[in-house]
There are 2 protein chains.
Amino acid sequence: MTQVDHTRMANAIRGLAMDAVEKAKSGHPGLPMGAADVATVLFTQFLKFDAAEPNWPDRDRFVLSAGHGSMLLYALLYLTGNKDMTLDQIKHFRQLGSLTPGHPENFHTKGIETTTGPLGQGIATAVGMALAEKMLAAEFGKKVVGHHTYVLVSDGDLMEGVSQEAIAMAGHWKLNKMIVLYDDNGISIDGPTSIADSVDQVKRFKSAGWAAELIDGHDQKAIAAAITRAQKSSKPSLIACKTTIGFGAPTRAGTAKAHGEALGAEELKGAKENLGISLEPFSVPEDVLKAWREAGSRGVAERKAWEGRFAELGNRKRAEFERRLRHERPASLAKALKAHKKGLLEKPENIATRKSSESAIEAIAAAMPMEFLAGSADLTGSNNNKAKSATAFSAKTPKGRFIHYGIREHGMCAAMNGIFLHGGFAPNGATFLVFTDYARPAMRLAALMGTGVVYVMTHDSIGLGEDGPTHQPVEHLSALRAIPNMRVFRPCDAVEVTECWELALNRTDGPTVLALTRQNLPQLRTSAPADNPCSHGAYELVAAQGEAKVSLFASGSEVEIAVAAQKQLAERGIASRVVSVPALELLLAQPADRQKAIIGNAPVKIAIEAAIRWGWDAVIGKDGEFIGMHGFGASAPAKDLYKHFGITAEAAVNAALKRLG
Amino acid sequence: MTQVDHTRMANAIRGLAMDAVEKAKSGHPGLPMGAADVATVLFTQFLKFDAAEPNWPDRDRFVLSAGHGSMLLYALLYLTGNKDMTLDQIKHFRQLGSLTPGHPENFHTKGIETTTGPLGQGIATAVGMALAEKMLAAEFGKKVVGHHTYVLVSDGDLMEGVSQEAIAMAGHWKLNKMIVLYDDNGISIDGPTSIADSVDQVKRFKSAGWAAELIDGHDQKAIAAAITRAQKSSKPSLIACKTTIGFGAPTRAGTAKAHGEALGAEELKGAKENLGISLEPFSVPEDVLKAWREAGSRGVAERKAWEGRFAELGNRKRAEFERRLRHERPASLAKALKAHKKGLLEKPENIATRKSSESAIEAIAAAMPMEFLAGSADLTGSNNNKAKSATAFSAKTPKGRFIHYGIREHGMCAAMNGIFLHGGFAPNGATFLVFTDYARPAMRLAALMGTGVVYVMTHDSIGLGEDGPTHQPVEHLSALRAIPNMRVFRPCDAVEVTECWELALNRTDGPTVLALTRQNLPQLRTSAPADNPCSHGAYELVAAQGEAKVSLFASGSEVEIAVAAQKQLAERGIASRVVSVPALELLLAQPADRQKAIIGNAPVKIAIEAAIRWGWDAVIGKDGEFIGMHGFGASAPAKDLYKHFGITAEAAVNAALKRLG
């Protein structure tokens with residue numbers, strides 16, 4: 001191996017980061033400069049990876065939770081020899097179309113494990129990766145699955161509440177292969193962290209079941225020793241590394257000015273002189289680059305050895321492993337769902353959709369017992385997403401396939417991103433629909449990254465009754481539909497539930513919300529066509545007898561009301577049709593002709609949904625009638641509430657009569 | 001004072017809670033039964049209150065963070081003699097229109113300090129109350145302001161991430177008058193908390209600068225001794241009280257079955273027999289009720305003494321104190337804003353709206369320097385909501401009126417609710433618009449409770465540029481507009497900024513988001529009518545020359561684009577009008593005739609907003625043209641992004657031409 005001084009290698013990161021930010025006139029030089037020593041030790045001595053094969057399944061994961069320090073990651077990718085990350089990309093840092101956006105985007109740049117930037121997400125996502133590793137290792141053996149998950153966090157990551165949820169889960173699950181390196185530079189944007197924080201992070205992590213220690217983050221030996229200790233620990237480890245933000249910068253080092261802006265020509269020159277590196281922008285000495293490239297191929301032998309062990313696994317196991325990492329569903333799933341639908345048509349289920357979801361889950365879990373990975377934020381009995389066969393996951397029972405996430409909706413959803421990104425599982429997590437508010441940052445990242453996770457969100461309207469307005473979602477369907485690439489299904493009965501589960505599980509490029517009722521619903525569907533009518537977001541559930549004067553659109557629990565209204569209208573000689581709309585935003589994404597066909601030409605359009613109108617105008621028009629909520633709910637039995645808020649067949653009928661004159 | 005055994009008093013709470021839940025066939029008996037001893041000690045020996053005067057400004061605040069245990073609170077209100085809380089209300093627990101909804105609602109029931117239920121909110125809101133107390137005490141003197149803030153939390157509250165943000169803030173600010181009683185019953189909905197949690201809460205709180213200890217929560221002497229110690233501490237205090245959930249229930253005590261459902265006749269009977277209380281539903285022995293009522297009037301003398309001290313404050317100070325507690329703005333505010341607008345018309349500001357907001361804030365803070373309470377989640381220099389005159393609040397500088405909340409958007413927004421509910425301040429807090437996702441549960445509670453807080457949300461679109469899609473809101477305007485009672489303003493220039501600030505500060509029955517740009521904008525407005533055109537959500541900014549063929553609707557930074565499009569259309573002989581829409585949802589809440597007048601009859605309707613279309617169909621119709629975002633943003637300079645995503649005057653003109661044929 002080329003003998004190059006650690007400091008010169010670290011300084012290569014610093015130089016590239018300074019130059020890239022300077023050229024972009026935008027970005028964050030402070031973290032890469034401060035954390036360069038920590039990263040250099042990790043990447044040259046510990047991280048198991050092969051830069052040429054960034055998708056090697058058993059690579060160590062490295063998550064830059066402090067995503068604003070993206071140049072640290074880009075510099076490392078370039079230096080270690082990632083094929084796509086050329087110097088030209090670095091020179092186009094933060095420019096349109098480059099592989100070097102402001103914050104790391106895994107869906108955009110190979111070699112990046114997850115998208116970070118919104119603080120706290122990286123560490124919480126990494127918990128999911130470490131969890132997936134533990135579970136897969138228990139299933140496929142430690143010879144095939146045995147890697148670490150490293151995370152670099154900033155003070156901002158640790159101030160965000162989701163970090164507490166993350167570390168509590170990791171500590172409880174004893175995810176000892178998770179090692180968090182805390183870039184403890186004592187500086188945040190507003191100034192010294194001491195103006196806003198006095199938490200003792202070492203003590204805090206210890207209280208959550210972690211090993212934790214404080215070291216000098218510029219002392220390469222101390223860093224190496226701490227990582228070695230962490231690797232041996234039976235607990236997850238925090239290594240708080242005292243660093244100087246903007247290390248080397250003559251006037252800005254150790255100050256907030258180093259954090260988030262270009263240094264400027266003079267400060268940059270001074271920094272380079274201090275560090276003893278070339279003033280030539282983007283230059284890396286040949287021997288330093290060579291040493292880095294050697295570090296980037298350190299893992300080749302290890303990877304090849306792994307391939308040998310993987311080959312020994314046997315064809316069937318190997319195919320299973322590879323299929324699951326590709327997020328491909330087993331053939332048995334389609335069969336199971338088909339059979340389940342057939343059963344429903346033969347013997348209808350007039351139960352809450354959360355319960356029909358449970359019944360679908362039994363079929364699904366039987367078809368893919370080891371990859372269907374459900375969990376709940378402490379509402380298991382209410383969310384009904386635990387298959388009878390599933391046992392609880394714990395540190396001692398890593399083959400358990402139901403996760404008690406605790407009352408941590410945000411941590412749950414972030415961990416699910418990590419589980420999906422790691423590969424091997426189809427994760428779904430559950431809570432009440434109203435509490436998607438708690439998890440929204442992680443759910444947005446799921447949509448942005450395109451992780452195929454499923455959110456089982458029960459108690460989806462005022463229909464939950466007595467818990468009252470704090471627990472009754474009214475704006476959540478709309479607010480979730482608004483997230484690009486988020487699929488929101490609100491099925492109306494057991495058949496639709498099964499169809500929506502089918503679509504959700506086969507969606508591997510984005511997340512799906514299943515909004516399910518607490519209250520019982522009749523099974524309305526009498527057929528289950530192979531083309532899955534829910535796949536277009538909406539379809540005509542009951543045609544009009546004669547030319548329709550009225551179109552009744554509804555989702556979920558209100559489809560029953562639409563059907564009742566249709567009957568009442570028919571009794572008055574008025575023909576109407578019922579359109580079930582399990583996914584409003586999916587309907588609006590259909591080609592214009594299909595949308596038109598589904599929406600139809602009836603002169604009166606009425607939408608019924610026990611939620612706010614926001615978004616529905618795209619279907620019923622501004623002059624359409626909306627039967628739903630106009631504000632927050634109230635605490636009372638569900639039936640009283642539907643009556644109180646006027647979400648009834650009678651109200652729909654009256655609206656139709658008024659409009660028809 | 002009537003001598004009644006502590007246990008009999010505590011059992012009165014237990015009996016009422018069991019009976020109310022039993023009658024409602026819904027609710028949570030476990031917490032009131034388990035925490036009855038803690039609550040009894042607090043309310044009979046420590047809590048400074050006068051049940052007859054629940055709004056006495058210097059009362060101790062008691063927040064039931066574990067809102068599902070609402071019957072504890074209702075029982076206490078009834079027992080201590082709150083006028084509205086009759087036994088009949090208790091008998092109508094969780095029924096439509098009763099004062100006893102499933103979770104406590106402060107806007108609905110007098111004597112309740114804040115709305116709880118979504119876990120973690122209560123403790124974080126209480127931080128704001130304790131903070132407001134400390135600030136007001138420093139300003140008006142400890143003789144007038146000197147109360148404690150007590151919080152009862154459950155394990156769920158402490159698992160939620162926002163609790164970490166809350167305790168970190170309270171510890172840092174040394175809010176020593178905040179005392180948290182943790183109902184440490186070791187049980188959550190899914191079973192023993194040990195299935196999902198192993199955090200040592202005492203150690204965790206200590207790591208955040210709290211005093212913390214563990215006691216027996218059924219030992220009245222231990223409880224009293226711990227509260228006494230906490231009152232003397234120089235730090236905020238956690239008292240972890242080991243309790244038995246469903247205390248007294250023969251088979252369910254200490255189990256998850258006691259948490260969230262009626263006990264059932266047999267278990268209820270057994271519990272009452274165990275506790276030695278009457279089987280007669282809702283009965284409280286006369287001597288016990290008398291003792292409770294005496295506890296409820298314990299504070300009368302203290303309140304009267306306070307009134308005496310308050311009188312000594314002098315007329316002017318007293319009037320100021322009362323005005324501020326009423327959330328009434330000083331007359332100087334209207335004057336200052338009027339003068340500021342006049343100045344803008346004389347000397348236009350062509351700057352980012354975050355900067356024109358800063359300039360408005362200078363005027364506002366000068367008019368109400370001690371009540372305008374700004375803060376930022378570590379983005380002070382970017383959010384521009386710190387007046388030059390404002391100094392930083394800290395434990396040592398309690399008269400500071402700018403709060404460095406740290407990177408804790410959720411904690412900030414929850415604390416602002418508490419600050420508002422306490423009274424005395426007009427709180428506003430700032431971060432990037434995209435991070436409203438982190439704060440949404442607290443923002444929703446603000447809308448539900450009607451707290452008049454202001455969110456200064458800068459970097460409101462792809463216009464923020466290089467930070468990329470993780471930082472660029474596209475769905476957030478829509479998702480916020482969807483929350484009932486949330487006002488979302490996106491002003492287009494310095495004059496609108498001032499008008500929106502005026503509306504926001506004068507709104508004391510609900511929260512307001514101000515969405516502001518990072519990038520510079522021209523001042524478009526040339527007049528500032530007294531009736532504040534923003535108050536209707538939208539208005540015609542530039543009329544058409546001749547009959548309008550096109551209406552151009554836009555908000556914020558895109559109004560400039562609409563104006564440019566108008567000019568280009570005019571050059572082609574096409575008359576169009578520009579409607580500025582600072583608050584889309586407010587426009588849609590206007591009476592139909594006003595809406596029609598604003599929206600107009602032009603055959604082509606075009607909306608321009610650098611965000612998704614969701615919601616806009618209500619203005620432009622399904623066949624309207626929308627120039628905006630159709631998915632997530634990208635990392636690049638703002639100008640490149642506007643061009644890349646086609647949000648340009650040319651795109652609007654082309655859309656118009658296409659439609660006009």
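A salt bridge is counted here when a side-chain nitrogen of Lys or Arg lies within 4 Å of a carboxyl oxygen of Asp or Glu. In this predicted model, the rule finds 1 salt bridge across the interface of domain 1 of chain A and domain 2 of chain A; R401(A) forms a salt bridge with E139(A), with 3.0 Å between the closest N and O atoms.

The model is a predicted one, in which local features need pLDDT of at least 70 and side-chain atom pairs count only at pLDDT 80 or more, while totals for chains, interfaces and linings use all residues. Residues are numbered from 1 along each chain as its sequence is written, and side-chain values use heavy atoms, with hydrogens and water left out.

| Domain of chain A | Residues |
|---|---|
| domain 1 | 6-305 |
| domain 2 | 326-522 |
| domain 3 | 536-660 |

Taken over C-alpha atoms, the centres of domain 1 of chain A and domain 2 of chain A are 33 Å apart. In contact (heavy atoms within 4.5 Å) are 28 residues of domain 1 of chain A and 31 residues of domain 2 of chain A. Between them these two domains bury about 2500 Å², 73% of it on carbon and sulfur atoms, where buried area is the accessible area (1.4 Å probe) that two parts lose on being put together, summed over both.

On the side of domain 1 of chain A that touches domain 2 of chain A, the residues divide into 13 nonpolar, 8 polar and 7 charged, with Gly counted among the polar ones.

Conventions: Chains lettered and ligands numbered in written order. Domains from an automatic or database assignment.
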